[in-house]
Amino acid sequence: MALNSTYVNLLDNPATLSPKRGRIAGPLAEVEGGHCLRLMATTLIAAILTIINPSPVKADMNLKLYAYNKLDWSEFQCYNWLIHKESRWNYKARNGSHYGLGQMRSKWYGTLSPKKQIDQHIKYIRHRYDDACNALQHFETKGWH
């Protein structure tokens, strides 16, 4: 479907951004309409990511990317949800005798780097459940994995 030329022309018109309204407001910047659209899209994506992960931290995103590269997309979705439920992606998490991202029952696991915790947790999941989706299903029915 082709865009109506009126809408395309609207994107070509510059827009003035100001920090305040009223007599004392001066222009902050004048940008092309297409830039405004990209800014709105970027803001929307950031808002969606904030809803998905209420406190996104750059380190958390790097850990998620690391885990994603170890799994396929559907298994990563299960793994992401499992780790979110277990530790909220906090590699220093502790609950009684359970430590780290995967809340494994080993002090040794709690001393590992975050990436090594992911490696060991995936190894455990593959050994016991075959994949992260089976581990998540077990977690949801039993309350542990």
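**Exercise 1.** Which residue forms a salt bridge with Lys70, and how many Å apart are the closest N and O atoms?

*Solution.* The model is predicted.
Step 1. The partner of Lys70 is Asp119, and their closest N and O atoms are 3.4 Å apart.
Step 2. A salt bridge requires the nitrogen to be within 4 Å of the carboxyl oxygen, so 3.4 Å qualifies.
Step 3. Asp119 belongs to helix H6 (residues 114–129) and Lys70 to helix H3 (residues 58–70), so this contact ties together parts 49 residues apart in sequence.
Step 4. Asp119 is partly exposed, at 21% relative accessibility. Lys70 is also partly exposed, at 39%.

**Exercise 2.** Arg126 and Glu75 meet in a salt bridge. Is Glu75 buried or exposed?

*Solution.*
Step 1. The N to O distance for Arg126 and Glu75 is 3.1 Å.
Step 2. Arg126 sits in helix H6 and Glu75 in helix H4 (residues 73–87), and the pair links parts of the chain 51 residues apart.
Step 3. The relative accessible area of Glu75 is 9%. Buried means under 20%, so Glu75 is buried.
Step 4. Arg126, with a value of 36%, is partly exposed.

**Exercise 3.** Which helices hold Lys85 and Glu140?

*Solution.*
Step 1. The side chains of Lys85 and Glu140 form a salt bridge, with 3.3 Å from N to O.
Step 2. Lys85 is in helix H4 and Glu140 in helix H7 (residues 132–142), 55 residues apart.
Step 3. Lys85 has 31% relative accessibility and counts as partly exposed.

**Exercise 4.** How many salt bridges does a search of the whole structure find?

*Solution.* The search finds 3 salt bridges.

Notes: Residues are numbered from 1 along each chain as its sequence is written. This is a predicted model: local features need pLDDT of at least 70, side-chain atom pairs count only at pLDDT 80 or more; totals for chains, interfaces and linings use all residues. Side-chain values use heavy atoms; hydrogens and water are left out. Helices (H or I, at least four residues) and strands (E, at least two) are DSSP runs, numbered from the N terminus. Buried means under 20% relative accessible area, exposed over 50%, partly exposed in between (1.4 Å probe, protein chains only).
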